Amino acid sequence: MRTLITNVAVYPITSDPFKGEVLIEDGIIQKVAYRVKGDYDEMINGEGGILMPGFIDGHSHIGLNPDGYGYDYDDTNEITDPVTASVRSQDGFTVLDKSIPESARGGVMVYCVLTGSANPVGGLSFIAHYSKSNLVKDFVIKEDNGLKMATGENPKRCYGPKNKMPATRMATAAIIRKFLTEGQNYIQKKNKAAEEGKEFTETDYKKEIAQMIIEKKIPARVHCHRAEDILTALRIKKEFDIDMVIEHCTEYMKVKDEIKAAGVPILLGPIMSSRSKVELKDMSFKAYKVACEEDILFGCMSDHPVFPSEVLRLQAGMAVNYGADENKMLESLTIMPAKILGIDSEYGSIEEGKKATLCIWNGHPFDSRSHVVWNSVDGFIK
Amino acid sequence: MKLLIKNGTVNPVTSPSFMGDVLIEDGKIIGLEQNIICEEAQVLDAAGMNIYPGIIEEHSHIGIHGEKTNQESDNDVNEWSAPVTPECHALEGIKPFDHGFLQALNAGVTTFNVYPGSANPIGGIGITLKNDPTLHFEDKIVLRNSGLKMAMGENPKKVHSSATKTIMTRMGTAQVIRKAFQDAINYRNKKEKEKDSRMEILLKVLDGELTAHVHAHKADDILTIIRIKEEFGFKMCLEHATESHLIADFLAKKDIKLAVGPMFTARYKIEVNNRSLCTPAILEKAGITDFCLITDHPVIPINNLPIEASIAVNNGLSEDLALRSITINPAINLGLDDRIGSLEIGKDGDVVICDRELLDPTHRVMYTIVNGKIVYDMEKEGLIL
Amino acid sequence: MKLFKNGYVWYNSNLKKADFIVEDGKFVKIEEEIVPSDLCETVDLNGKYVYPGMVDPHTHVGIFEECTGWTAGNDVNETSSPSTPGMRAIDAINPMDPGIESARNSGFTTVCVLPGSANVIGGEGVVIKTYGTVVDEMVVPTNKKIIKLAFGWNPVWTWGKQEKAPQTRLAVSALLREKLTSARNYMAKEEKEYDYDMENLSSLLKKEAVARIHVANLEDIETIERVANEFNIDYVLDHATALHTNPDYAKSLNVPVILGPLNVAGKSFQTYDLTFDSVKILHEAGLKISVMTDAPVIPLNLAKIQIWLIDRFRMNRADVLDMFTINPATVLGLEDRIGSIAAGKDADFFVSSGDIFDYRSKVEHTFINGIRVGGEL
């Protein structure tokens with residue numbers, strides 16, 4: 001079925017906005033132009049609204065702790081072992097979370113669902129696309145796309161009081177190093193067995209994942225707030241030569257040069273929340289302004305439900321309030337997180353050939369009075 | 001507002017069944033005979049169906065025991081922080097939109113009583129509600145203080161031997177109860193005192209204004225609370241009375257009502273080892289005909305209330321008493337028999353209409369009517385099972 | 001050899017006036033009319049109803065004994081570890097459990113006894129006939145071993161409270177994956193020490209065992225599908241409380257489903273989607289449904305209440321009866337021996353004073369292997 005979206009201000013993100021039309025077929029953007037010629041089966045009248053790509057929330061725990069269901073339904077953090085590399089956020093995701101359709105109303109159509117930050121080595125994440133189905137499989141667009149890690153206060157707060165490691169930042173780093181070293185050893189063991197023509201009979205689920213990190217098949221997604229935690233992460237990245245994304249990166253401004261030199265993408269946020277821990281003391285919206293000026297690859301993230309992804313776009317608006325470039329902030333909700341997640345060939349901008357994951361807004365998303373009136377999953381929203 | 005139910009088999013319970021009609025006006029039954037003519041009435045064609053008084057549940061935890069939810073957040077059954085909590089009221093623990101209300105509608109239960117739980121020797125006050133979803137919560141209340149819930153046996157000592165370390169044995173439970181009532185008497189005798197609402201509630205029990213409803217399974221627990229009752233002289237109803245069939249002749253001589261059930265649980269604790277499906281029949285044989293059946297929902301689902309009556313019949317209970325035990329008897333137990341429990345002129349228009357006999361467990365409730373309003377229609381809402 | 005005459009017999013999915021012969025513990029033949037002879041003893045059923053012995057594929061009778069209080073007779077969950085694949089329910093069955101007695105007195109002749117659901121990997125279940133004093137003589141051998149697994153809140157509540165894994169549902173599947181991986185390693189080793197846990201997990205990998213998986217939520221069922229495909233194991237979904245919320249998906253799984261216990265009130269998130277509708281919806285989607293009591297959650301003599309409540313949906317009564325007889329027999333891989341009255345099958349049946357859908361009926365006699373073992377008369 002060919003659908004023509006007309007009467008909209010098209011914001012492709014990778015090029016300038018213009019008043020125009022978009023033709024979609026089979027979930028793919030076929031044509032983007034001032035006027036699309038040719039026939040169509042269905043027309044969506046945007047009534048002068050703004051057509052944006054669906055926003056991409058690079059760091060979310062949506063579905064792992066559904067709103068209003070209480071402790072029973074919270075599968076964000078497996079706080080029984082500081083290294084739980086083999087758990088998958090996909091196994092704790094539930095579509096019962098009413099914040100899922102609410103996020104779509106706020107323009108967020110794609111999210112990377114990560115495990116929490118209680119563990120120095122957390123679990124595997126997956127990338128989800130908003131769906132109306134009650135099956136998790138209908139949400140999944142990419143499985144096991146990264147391994148969560150965490151530094152700073154959370155891991156030591158979870159284990160230290162139980163007299164378990166880590167009780168300090170030193171131990172958190174040591175645990176991560178040990179995990180990665182075991183990955184290196186594991187690869188060596190496997191190679192040795194192959195050389196000797198023997199069958200490898202010591203498959204270890206956690207070490208398999210360490211191997212994936214060492215071999216750069218997936219990145220380490222490292223939760224860091226304070227400058228020293230960011231530097232620790234970068235140090236480990238260099239030491240083991242692994243791919244990495246820095247999550248939160250709250251004190252980015254203090255280490256912007258090191259981040260640039262390391263070429264590591266970051267996911268900034270949630271800034272629109274309280275400074276509830278000591279490591280958040282210097283949290284500021286100014287970080288977005290600096291990230292824009294430094295022209296690095298960064299995403300604006302919610303950490304839902306710490307900050308609801310339904311209003312992620314307002315956090316980006318607040319960044320503009322503090323001096324960040326508006327276009328760059330729009331990119332931080334779209335093409336930049338798409339690149340960070342490795343899905344930019346299909347998502348993150350309105351370009352021919354990409355997936356038609358789109359929203360029509362009745363005003364600019366950074367204006368809190370506007371909202372999504374139509375999206376490519378729900379159609380018109382009442 | 002008039003509702004005319006036509007052409008069904010009418011089973012008033014307190015009078016013989018007949019083929020005919022029931023007319024309800026402004027929430028009260030005004031007609032109960034064949035061929036009623038009423039032009040302005042809304043007509044409900046009950047051809048081929050069986051019409052009964054709304055069923056009454058004397059002992060449930062509907063609304064205070066959260067269902068399909070997180071138990072820590074929504075289970076408000078037992079205030080086990082202390083063994084004596086007469087001031088706790090079920091009213092303040094009920095969640096009005098809980099699933100149990102809907103299940104009760106589908107079961108034809110038009111009035112139900114909600115008690116606090118059985119963790120405490122003195123647990124709190126019960127409340128009786130009409131199951132009318134069109135009313136605001138406060139307007140559903142028919143009996144604000146339906147009784148003082150008390151408990152004997154394994155539950156209080158199991159809970160309080162660890163929670164408050166105040167009761168370790170059945171002896172302890174009995175003394176906690178005696179002391180509470182004695183404290184109330186001492187309070188009454190004091191010349192100068194500050195008003196103590198807890199003591200006021202206990203005095204109401206001693207003065208016969210509020211009935212004690214005592215959870216007791218084993219015969220010895222029943223005998224203990226009867227002993228205490230006779231020492232202090234209050235009114236009492238025994239809840240569960242699981243081993244009542246073992247002392248039926250003794251109980252027949254006492255002026256104590258029995259609320260029997262739930263009959264369908266496994267014999268998972270020692271005090272219910274002698275749980276028997278024959279208990280109602282044995283009680284009837286001993287001349288006890290004023291007992292009611294209970295489900296203790298959600299211990300077993302409330303829609304099992306008429307099924308308990310069916311199984312009791314299968315184990316020797318008369319059909320007549322089986323029907324009474326879920327309608328007029330619980331009404332009398334609660335002191336509400338002037339309003340509910342049977343189809344009689346002047347009583348509330350609470351009716352349940354089934355496509356088979358109520359005692360046939362394969363029946364479907366087609367309509368539930370409360371205060372003359374159709375509040376559940378099976379064709380529209382489907383079965384809520 | 002015994003000839004039972006003049007009963008209404010439930011066979012070939014129909015209630016018909018018929019006679020049948022039992023010899024050496026098996027049904028020999030069932031026909032509308034069999035002429036009595038001197039060679040065999042004749043029993044006149046006088047118009048009573050005869051049904052195949054009912055089968056409950058998921059119980060804990062014998063290991064969760066009634067009338068023994070909270071702990072003494074409770075051997076359902078070996079909670080010394082969340083993974084106990086080597087445990088065997090047979091080692092804890094007390095055949096004199098009053099729960100087994102009430103089962104056979106109400107027409108249940110075969111039950112599968114499983115470890116509980118507190119552990120992610122609970123152990124080995126066993127199928128028994130409901131009569132006997134020596135459990136080894138009651139066992140009905142199955143082609144495949146039965147290994148109990150559990151997803152969802154039971155393992156999470158049990159272990160999370162002790163701050164041990166699994167504390168969340170994330171770790172349930174991770175634990176299962178890790179243990180199955182260890183079993184793979186065990187199988188691949190040439191020299192190894194015999195390990196009971198690894199042997200049972202290896203059976204699953206070799207498809208010499210079937211996993212019986214306790215699960216409630218739809219997303220957990222999807223997780224099970226992923227893990228089962230990853231390790232190529234056969235499984236059955238037990239309870240499957242929310243499966244009916246996506247019947248197309250249920251059909252696509254193509255695995256046996258055992259629903260129940262349904263006649264219970266929904267007291268926790270685990271029962272969020274609990275409804276008798278699940279029977280109707282999944283049956284209409286084309287699945288062959290079995291229904292369990294999870295005894296003693298529902299004592300077996302009250303299983304008939306579930307039959308009556310399902311009947312409120314006015315489905316075909318033959319289909320309903322199948323859910324308590326031939327369908328569970330098939331799930332257990334025992335359809336050649338039990339689950340219906342047919343020549344060659346075990347003579348497991350019960351004589352009822354009336355139709356099983358009539359609440360006034362009583363189970364007068366229960367027969368196992370052709371011998372009367374119980375009943376109310």
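1. Two residues are in contact if their C-beta atoms, placed from the backbone, lie within 7 Å. Keep that cut-off in mind, because the word "contact" below rests on it. Note too that this is a predicted model. Setting aside residues up to four places away in sequence, B:V22 touches B:I5, B:V10, B:I29, B:G31, B:L32, B:I51, B:L343 and B:V351.

2. Where does B:V22 belong? It sits in the largest nonpolar core, which has 227 residues. B:V22, B:L238, C:V113 and C:V257 are the residues with the most contacts inside this core. Helix α4 of chain C, residues 169-188, gives the most to the core, with eight residues. Chain B contributes from two domains. Domain 1 (1-53 + 342-378) and domain 2 (55-340) of chain B both give residues to this core, so the core lies between them.

3. Now chain C as a whole. Chain C has eleven helices and 16 strands. Its radius of gyration is 21 Å, close to the 21 Å that the globule rule gives for 377 residues, so chain C is as compact as a globular protein of that length. Along the principal axes, the C-alpha atoms of chain C fill a box of roughly 65 × 45 × 40 Å. Buried residues make up 58% of the 377 residues in chain C. Now take the contacts in chain C with a separation of 6 or more. Residues 24 or more positions apart account for 67% of them.

4. Chain A has two domains. Domain 1 covers 1-53 + 349-382, and domain 2 covers 55-347. The centres of these domains of chain A, taken over C-alpha atoms, are separated by 30 Å. Across the boundary, 19 residues of domain 1 of chain A are in contact with 20 residues of domain 2 of chain A. On the domain 1 side, β4 (42-53) and β16 (372-375) of chain A each supply at least two residues. By class, that side of domain 1 of chain A has ten nonpolar, six polar and three charged residues.

5. Chain A also meets chain C. Here 27 residues of chain A are in contact with 27 residues of chain C. What classes make up the side of chain A that touches chain C? There are seven nonpolar, eleven polar and nine charged residues on that side.

6. Look next at A:P365. This residue is in the loop between β15 (358-361) and β16 of chain A. Is A:P365 buried or exposed? A:P365 has 24 other C-beta atoms within 10 Å, so it is buried; the cut-off for buried is 20 or more. Leaving aside neighbours within four places in sequence, A:P365 is in contact with A:M52, A:G107, A:R313 and A:S370. A:G317 is 48 residues away from A:P365 along the chain, yet their C-alpha atoms are separated by 7.9 Å.

7. Helix α7 of chain A spans residues 286-294, and A:A287, A:Y288, A:K289, A:A291 and A:C292 in it are buried. The buried residues of α7(A) pack against β13 (266-268), β14 (298-300), α8 (312-321) and α9 (326-331) of chain A. Just after α7(A), A:D295 takes a positive phi of about 55°.

8. Some backbone angles deserve a second look. Most residues other than glycine have a negative phi, and most peptide bonds are trans. Two cis bonds come up here. A cis peptide bond joins A:H304 and A:P305, with omega about 5°. A:P305 lies in the loop between β14 and α8 of chain A. The peptide bond from B:G261 to B:P262 is also cis, with omega near -10°. B:P262 is in the loop between β12 (257-260) and α8 (279-285) of chain B.

9. Finally, compare two loop residues with positive phi. Phi of B:D26 is near 45°, and phi of C:A240 is near 45°. B:D26 is in the loop between β2 (18-25) and β3 (28-33) of chain B. C:A240 is in the loop between β11 (235-239) and α7 (247-253) of chain C. Which one is buried, and which exposed? B:D26 has 11 C-beta neighbours inside 10 Å, so it counts as exposed. C:A240 has 30 C-beta neighbours inside 10 Å, so it counts as buried.

Methods: Residues are numbered from 1 along each chain as its sequence is written. Chains are lettered from A and ligands numbered from 1 in the order in which they are written. This is a predicted model: local features need pLDDT of at least 70, side-chain atom pairs count only at pLDDT 80 or more; totals for chains, interfaces and linings use all residues. Helices (H or I, at least four residues) and strands (E, at least two) are DSSP runs, numbered from the N terminus. The radius of gyration is taken over C-alpha atoms; the globule rule is 2.2 Å times the number of residues to the power 0.38. A residue is buried if 20 or more other C-beta atoms lie within 10 Å of its own, exposed if 12 or fewer, and partly exposed in between; C-beta atoms are placed from the backbone. Domain bounds come from an automatic or database domain assignment. Ala, Val, Leu, Ile, Met, Phe, Trp, Tyr, Cys and Pro count as nonpolar, Asp, Glu, Lys and Arg as charged, and the others, Gly among them, as polar. A nonpolar core is a set of buried Ala, Val, Leu, Ile, Met, Phe, Trp, Tyr and Cys residues joined through C-beta atoms within 7 Å.
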